[in-house]
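Trainee: Hi! Could you walk me through this structure?
Mentor: Happy to, let's open it up.
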Amino acid sequence: MNVMNIMDIYSRFKECGCVTTDSRTLKGGEMFFALKGENFDGNEYALKALEAGAAYAVVNSDSAVAAVDDCRLIKVEDTLKTLQELARWHRSMTFVDGKPLTVVALTGTNGKTTTKELIREVLSVKYHVTATEGNLNNSIGVPLTLLKINSETQIAVVEMGASHPGDIKELVDIALPNYGLITNVGKAHLLGFGSFEGVMKTKGELYDYLRRTSDKVFLNVDNPYLCDMASERNLQSDPERPYSLVIPYGLSYQNVEVLPSSPEYPYLRLSFMNDGSDVPYVLETNLVGTYNADNVMAALAVGKQFGVSFEEAAGAIAGYVPSNNRSQMVRTGRNTLVVDAYNANPTSMEAALKNFSNIKADRKYAMLGDMLELGDDSLNLHLSVLEQCAASGFERVFLVGKEFGDALRERGDDAGFLWFRDSASLAEWCASGEIQDAVVLIKGSRGTRMEKVIPSL
């Protein structure tokens, strides 16, 4: 599609001010994009979208609806590519005080959504922020985020997910970020990436882009994998070498201590030695898990770069309460739940179990769902989780899903473990009320729906 076509579509988008890909959410005046997937074809709903109040409908030129003579139908070769091009154009045409809009992009194996939320909270102290909603971080979600940028937006924070090589490259070419941050790299989506090296290469596509454009990288210099990735791209691995492309941060680098949790305060706490003071500043969060410490440090680094004072940033982080089954502490009438059930991979599972082992409680149970999309490594990686559980001394470990079932049979010793076909079956077992006055970790990949057990506990 040439620039004139995009300019024409953009002028119509400016009339609307918003887009949608779901005809069921129309409120009136939107530009509807008829996207196609394996099990749906949005072109079939284009006319209904116009009837429901959409100002325009972008449809595929080879679809049946394209034959309809209606000036509100915008016919293009590929609706998804057009959505992405429109988002890129909108991002490029947005200025703040006469300067191009600043976009901060972040990706990583674990913690990217929590980090994004913390960055949003910190930057919102000083700026109007447009940020990714939930985890709309793919080839559709990123354009939708960019197209929500409006006249009030001063900074955009865009989360980027990946499950295959080239995914991050595609997304940065749409978002055109000025700053980038990789939270970490670990073993996830191995079925798509092929190997851990594939994960690093794909996540590193964010660094590749910023190196080409000579823009800035927020780098956790405590993380050897990230430092190696930065060094390979001639960014920076030594924090004493002040390369202009790197903004360093890190717990050890900044001499920040993670304070031990207690039954009275089970959340993450960080101790900072402020300049010129002999008394440390203690940041108390509402996040569960020491693995969130790096996420907090990342948000503080971003805030500092954009002129948010440490006190204001710390206050914003302290006030943030996680939701959507991410690093939440939930107290029911019978038990205390550590809910980290939005997703799981070997890296995040290991960190969650390690953190749970350090929580002081008389009775501790772990409820774990399968880690999905691990390919040929799945059996061994699930076996490793079983070994970690066996060494942790939990009163009992409840396992959900085929992958854990296979691993349990391979292990040949099910002492301390109880297996269920799915989370609904485990929820039914929990409804008996046998688990009382306990602390329970709930974690698993999105496909296992481990949140189903919460009401039964």
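Trainee: Is G319 buried or exposed?
Mentor: G319 is exposed, because its relative accessible area is 54%. Here buried means under 20% relative accessible area, exposed over 50%, and partly exposed in between, using a 1.4 Å probe and protein chains only.

Trainee: Before we go on, where do these values come from?
Mentor: This is a predicted model, where local features need pLDDT of at least 70, side-chain atom pairs count only at pLDDT 80 or more, and totals for chains, interfaces and linings use all residues. Residues are numbered from 1 along each chain as its sequence is written, and side-chain values use heavy atoms, leaving out hydrogens and water.

Trainee: Thanks! Where does G319 lie?
Mentor: In the loop between α12 and β16 (328-331). Helices (H or I, at least four residues) and strands (E, at least two) are DSSP runs, numbered from the N terminus. The C-alpha atoms of G319 and L118 are separated by 9.9 Å, although these residues are 201 apart along the chain.

Trainee: What about α12, which of its residues are buried?
Mentor: They are A313, A314, A316 and I317. Looking down the axis of α12, the buried residues fall within an arc of 160°, so they line one face of the helix. That arc is taken from the directions from the helix axis to the C-beta atoms.

Trainee: And what do those buried residues pack against?
Mentor: Against α4, β15 and α11. Contact, by the way, means heavy atoms within 4.5 Å.

Trainee: You mentioned β15. Which sheet is it in?
Mentor: An open sheet of 3 strands, in the order β13-β14-β15, with antiparallel pairing. Its edge strands are β13 (257-259) and β15 (281-284), each pairing on one side only. Two strands pair if DSSP finds at least two bridges between them.

Trainee: How many bridges are there between β13 and β14?
Mentor: There are 3, and β14 covers residues 269-272. For example, E257 has S271 in β14 as its bridge partner.

Trainee: Which helices lie across that sheet?
Mentor: Helix α11 (residues 293-305) lies across β13, β14 and β15, at about 50° to β14. Helix α12 (residues 310-318) lies across β14 and β15, at about 30° to β15. Axes are lines fitted to C-alpha atoms, for helices over the stretch in contact, and angles run from 0 to 180 degrees between N-to-C directions.

Trainee: New topic! What is the strand order in the parallel sheet?
Mentor: Its 6 strands run β8-β9-β7-β10-β11-β12, forming an open sheet. The edge strands there are β8 (129-131) and β12 (246-249). The twist averages 20° from one strand to the next. Helix α4 (residues 112-123) packs on this sheet, touching β7, β8, β9 (155-159) and β10.

Trainee: Is E159 buried or exposed?
Mentor: E159, found in strand β9, is buried, with a relative accessible area of 0%. Its side chain makes a polar contact of 2.8 Å with that of N137. A polar contact is a pair of N or O atoms within 3.5 Å; within protein, one must be able to donate a hydrogen and the other to accept it, and residues adjacent in sequence count only if both atoms are side-chain atoms.

Trainee: Last one: how many residues are in the largest nonpolar core?
Mentor: It has 83 residues, and M31, M160, Y207, L219 and L368 have the most contacts inside it. A nonpolar core is a set of buried Ala, Val, Leu, Ile, Met, Phe, Trp, Tyr and Cys residues joined through side-chain atoms within 4.5 Å. A second, separate core of 38 residues includes L118, A131, L181 and F218.
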